[in-house]
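Subject: Structure for your review

Dear colleague,

Please find below the structure that I am handing over to you, together with its sequence. My findings follow it.

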Amino acid sequence: MKQRPVADVSHLPTYDFGAASPMWWGTLAFIALEATGFALGIGTYFYLAVLATHWPIGAPAPDLLPGTAILIILLASLIPNHLVELWARRQDLAKVRIGIVVMSIAGILPLIVRVWEFPALRITWDQNAYGSIVWFLLGLHTSHLLTDVGDTIVLAVLMFTQQGKAGRRFSDVSDNAFYWDFVVVSWVVLYLVIYWFPRM
Amino acid sequence: MSGTTGTAAGQEQDEGVKGVRDTGLEAARRRAYLAHAWQTPKGLYGWLVTVDHKLIGRRYIVTAFLFLVLAGLSALAMRFQLATPEAGHIGPDFYNQLFTMHGTTMMFLFAVPVMEAFAIYLVPLMIGTRNVAFPRLNAFSYWVYLSGGLMIWIAFAFDTGADAGWFSYVPLTGPEYGIGKRPDFWAQMVTYTEVSALAVAVEIIATVFKQRAPGMTLDRIPIYVWSILVTAFVILFAMPAVMVSSTMLILDRLVGTKFFDPAAGGDALLWQHLFWFFGHPEVYIIFIPAVGFVSAILPTFVRRPVFGYLGIVLSLIAIGFLSFGLWVHHMFATGLPQLGESFFTASSMMIAIPSGIQIFCWIATIWGGRPIFATPLLFVLGFIFTFVIGGLTGVMVASVPLDLQVHDTYFVVAHFHYVLIGGAVFPLLGAVYYWFPKITGRMLSERLGRWNFWLVFVGFNFTFFPMHILGLQGMPRRVYTYPPASGWGEINLFISISSLVVFIGFALFFLNILLSLRNGRIAGDNPWGASTLEWATTSPPPSYDFSRLPVVAHREPLWAEPDILPVVEGLRVDAREVLGSTVADAVPQLRVPSADNSIWPLLSALAVGGAFLGSIYTPWAVVWGAIPVSIGFICWFWPKGEPEDEE
Amino acid sequence: MARRTGPFIRLRQWRRSSIAPAFARSARTASGNRLPGVLKWAGPASTLVSTPVLTGCSDWQSALHAHGANARAILDLIWSFGAVAAITWLLVMLALTMALFHHRRVRAAPPPLRTDNHQERRFGRAVGSAVASTVLVLAALTITSFFAGKSIASLSGKETLTVRITGHQWWWEIRYPNDDPSRTIVTANEIHLPVGEPVKVELDSTDVIHSFWVPSLAGKRDLIPGRPSELTLVADKPGTYRGQCAEFCGYQHAHMAITVVAESRKAFDAWRSRQDAVAVAPAGDEERRGQQAFLSTGCALCHAVRGTAASGTIGPDLTHLASRRALAADTLAMTPGALAAWIADPQSTKPGAKMPRIDLSADDLNAVATYLGSLE
């Protein structure tokens, strides 16, 4: 077919932030499907709770301390997270470097606390369905934490190499911050379900 | 869409224009540059590293049809056993594996992947871009799909084929009653292959949202692309349910969790809720793209735009939403309160409305057009003929009391084969005839095509219509044999013989493809005189799809301007670049670098597959498997100083 | 496909040969000489359940032959939905055919984008009214379905009798509970009901999910472990109605049938009091020897025969085995030959069944079959 040029796009940028970036939409889609997974897990929790005569089954409500500690760490991490996002949009390499290191640490901390959180559930996964579902929910969230922390650390390393100077990395940092918000929000919901529902 | 373009754009302009652009470049040099930038290396290595959506889409299609053959042969074996009462050809152990592998393969390894496969091939061409949004994710999804499918069939070859139905109800599959490692293979392979379906859904959404040709506003998106977009969303929200449930199943079996154990607070029905929360939308995941095919094929062969574009698009979206309200539909026999009964009857029937709207719009389209009875149209007409039957029996099984008689009988077998073969495979075969010229550059034989259509159409109806009667006469599903006194023998024999006709019809289909690949008439760019963008490029399309990206000013661009294609210029030709545009109005927004070939999607898929496979034997496989998986993913995403990173 | 490993390859081969030679083989290997008596019996055993079982008013299980209020309500629904579906389909096909052929005479096709606004509006109205009629028809069907459901639900609450059914892989345990637990009747695979009286059927399962379905009497209901449920059955006229498990439950899902015998109240009471009694004592030497073998070779670990030391609960209660119409969940007719063949090698008739093959000497086998055959 013959062609007739009608527009020139040569001056368009090659990357941008937020909804302009295809990667942001990819991240959003992954968040949507993972959120569906969480929702189904939580749905299962309540389904089993409704069936049971006593909830939690055969165990006291879980110990509040480790889960609450993680909640505080994660909520606090939102501040550096949004600062990094802001700096990334401003393409301020020096600040992004500091911020992403802080975020890596903010990701590793809850993982360390989580080692104490599993025993704090005061039940094992194979005792009964209640044990199974709380371990499942906690496991699901841990795997999300792990993958995002992995991602953050890789990005942190990148930011200190030559690759960090490519503008697209800032867009990646911004998408990573977006995903971290999801990790935090999902924990707020799970925390309420796992720790406070049995106390109601 | 975004208010933040300012900074990035500002910097870009300051630095001036980078790379070789297509502006003013003469056609031959432009193509040479593009061919170099978008090439797939020759030989096996190229085959393993390519991220070209057409190569991946093509191999996806071929693989899906190979699985169709395997599942079809399992069906033939079952018909052989069922042809006569108390036949002794196949015992229960093998029969149960056969029908389970048939269902599992048809649903997970054929129907969903083949629909996604066509989308991977067609969507970028139809919306005027050069590749999907995440090309490496696309390659990864294929390798995941292939290895998952192979694993479950290799397990079958070693007598470890899944044997508890494609729905794998607990406790039959649970730690106590599941046989050997069979349910474990089923559960892990299902979880694993759904990763690939989800990956494709994500990339389709991002591609359709962000990479449409300038001017392709929401109301100019081809209906097929709409259908696949809706499907991608349904996948996104439905597939996690089966992954959650199959993960719980494997945990129950491997590490002793108690999700489905009523003695420890679990519940057998929990599985059914989770499974059907996925399982019912699954039917629409297969059906929605198929009606998209119909809306793509029909206008071309009746020579007018489809009637009721808006109505059809809204119907597709409505079906997508409604499909999530129907899962209990599969659980009527488990017992429901009266009020719930009426609710689910009504909600199940409601889905007939958007399906009806589409049928009526298609009939109006035909009425207002001039039909050309080529093979693709024959399949579309065969689709309407059979799908309406399937839809109407669907209304029957939506009634709770009625369903209590026909549930789990051959009536339901008839119903869903009408919906899935009549409703999805017929349009799919039509789609193969329709797009084969685009994919291969050659036409399929019309003569063989007609034989193919009539044999499959007649054979199909002869095979499945009598099953309605068998079901009402009391024959349950999933039985490896039945007593002579039942009186079901004659109908069963008739069905078995008819199934051979279907088999011959499909044999002709494959024969046609093989012959036409070598000897088919050369197609040219637009052999059917169709209206959508994929016909604006060569057949088969070059690795870069379009030498310059098209601009769209009409819903039927090639009918509005048949001779000249409006295009944009200014994109790089020395590196892979596609155009990003805004979600609603498709205004150009970014020049998006597109990922180059890479071996890492394959290696990552193998690492993930290894972890899944290992987990069937020990939970520690997940822990140790995480190491190669992370290495794979890090290498995949690690930038390699490619040209796009300079900017 | 025959070249597959696993235990059933052998079974499949046995399956090809009829049961009679298989039984004869096992009998021969056991004793070394032939047993004409048993062989004579073994003949009819190769005929799997057929007409003799079903006497009186008897249709093979079919939703199209309704003999109970529940099934009749559904059958009416099937016919009315079916008629609406058929008419709808014909109308759609008529419209499609007209759409395809109404302008065959017109030769030249107009350019594809030229559409006639007047015609488009007509299409709009046509599609709109078709959608509106779809909605009305669906509403009517929903209401019809609702009333059918209501009439079925109205059957419950008036029951005169309770039957408790427990699903097992691959047979049905049946109890008629009694206020005096020692007088609860336990039987298997055959239910007796008084004609015309609503009977409450309580359903439960101890292994996997099954589904209780006697199409001539009622729609199906699942038996789900941990979730007891119930169903009301009414039979309009005396007869034998067959049912079959409708939820896939493993190897022998195909051979998990149940017989419902509907009879007059008098006949039912008589049956019930016979079932209430303990098993008859062995009448002759052969029966006594059979009972001995039955108690000493392991049969009694799984089966109960009330009035003897046999009190196993894993398999069906055999106290009145010979009074039943069929064997092995309606897999074999209740004939002496079939009984002997079944005991000799259950796995050749019902591969995968939980009843193992027990090596009995030919004489013992013969005696056990005679003994069980006497348990009327």
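This is a predicted model: local features need pLDDT of at least 70, side-chain atom pairs count only at pLDDT 80 or more; totals for chains, interfaces and linings use all residues.

Helix 10 of chain B covers residues 309–322. Which residues of helix 10 of chain B are buried? They are Gly311(B), Ile312(B), Ser315(B), Leu316(B), Ile319(B), Gly320(B) and Leu322(B).

Chain B as a whole

Chain B contains 20 helices and three strands. A compact globule of 647 residues would have a radius of gyration near 26 Å, and chain B, with 25 Å, agrees with this. Along the principal axes, the C-alpha atoms of chain B fill a box of roughly 80 × 60 × 50 Å. Of the 647 residues in chain B, 67% are buried. If one takes the contacts in chain B between residues at least 6 apart in sequence, 81% of them join residues at least 24 apart.

Met243(B) belongs to helix 8 of chain B, which comprises residues 223–254. Is Met243(B) buried or exposed? A residue counts as buried if 20 or more other C-beta atoms lie within 10 Å of its own; Met243(B) has 23 within that distance and is therefore buried. Apart from neighbours within four places in sequence, Met243(B) is in contact with Thr191(B), Glu194(B) and Gly37(A). Between Met243(B) and Ser141(B) there are 16 Å in space, C-alpha to C-alpha, and the two are 102 residues apart in sequence.

How the chains meet

Two pairs of chains touch, and the pair with the most contacts is that of chains B and C. Chain A and chain C do not touch, and their nearest C-alpha atoms are 11 Å apart.

The contact between chains B and A may be taken up next. Here 66 residues come from chain B and 52 residues from chain A. On the side of chain B that touches chain A, the elements giving two or more residues include helix 1 (5–15), helix 7 (182–210), helix 9 (268–302) and helix 20 (620–637) of chain B. Helix 8 of chain B gives the most to this side, namely seven residues. By class, the side of chain B that touches chain A consists of 39 nonpolar, 14 polar and 13 charged residues. In strand 1 of chain B, Val568(B) is the bridge partner of Ala7(A).

In the contact between chains C and B, chain C contributes 80 residues and chain B contributes 81 residues. Helix 1 (8–16), helix 4 (69–101), helix 5 (117–153) and strand 7 (221–223) of chain C each supply at least two residues of the side of chain C that touches chain B. The most comes from helix 5 of chain C, with 17 residues. This side of chain C has 47 nonpolar, 23 polar and 10 charged residues.

The sheets of chain C

An open sheet of five strands in chain C has the order 3-2-1-5-8, and its pairing is mixed. Strand 3 (185–188) and strand 8 (229–233) of chain C are the edge strands, each pairing on one side only. From one strand to the next, the twist averages 25°. Strand 1 (residues 161–168) and strand 2 (residues 171–176) of chain C run antiparallel and are joined by five bridges. Within this pair, Thr166(C) stands opposite Glu173(C).

Another open sheet of chain C has three strands in the order 4-10-9, with mixed pairing. Strand 4 (190–194) and strand 9 (239–244) of chain C each have a single partner strand, so one side of each is left without a neighbour in the sheet. Strand 4 of chain C runs parallel to strand 10 (residues 257–263) of chain C, and five bridges join the two. Ile191(C) has Val260(C) in strand 10 of chain C as its bridge partner. Helix 6 (residues 265–276) of chain C lies across strand 4 and strand 10 of chain C, at about 135° to strand 4.

Yours sincerely

Note on methods: Residues are numbered from 1 along each chain as its sequence is written. Chains are lettered from A and ligands numbered from 1 in the order in which they are written. Two strands pair if DSSP finds at least two bridges between them. Helices (H or I, at least four residues) and strands (E, at least two) are DSSP runs, numbered from the N terminus. Axes are lines fitted to C-alpha atoms, for helices over the stretch in contact, and angles run from 0 to 180 degrees between N-to-C directions. A residue is buried if 20 or more other C-beta atoms lie within 10 Å of its own, exposed if 12 or fewer, and partly exposed in between; C-beta atoms are placed from the backbone. Two residues are in contact if their C-beta atoms, placed from the backbone, lie within 7 Å. Ala, Val, Leu, Ile, Met, Phe, Trp, Tyr, Cys and Pro count as nonpolar, Asp, Glu, Lys and Arg as charged, and the others, Gly among them, as polar. The expected span of a helix is 1.5 Å times one less than its number of residues. The radius of gyration is taken over C-alpha atoms; the globule rule is 2.2 Å times the number of residues to the power 0.38.
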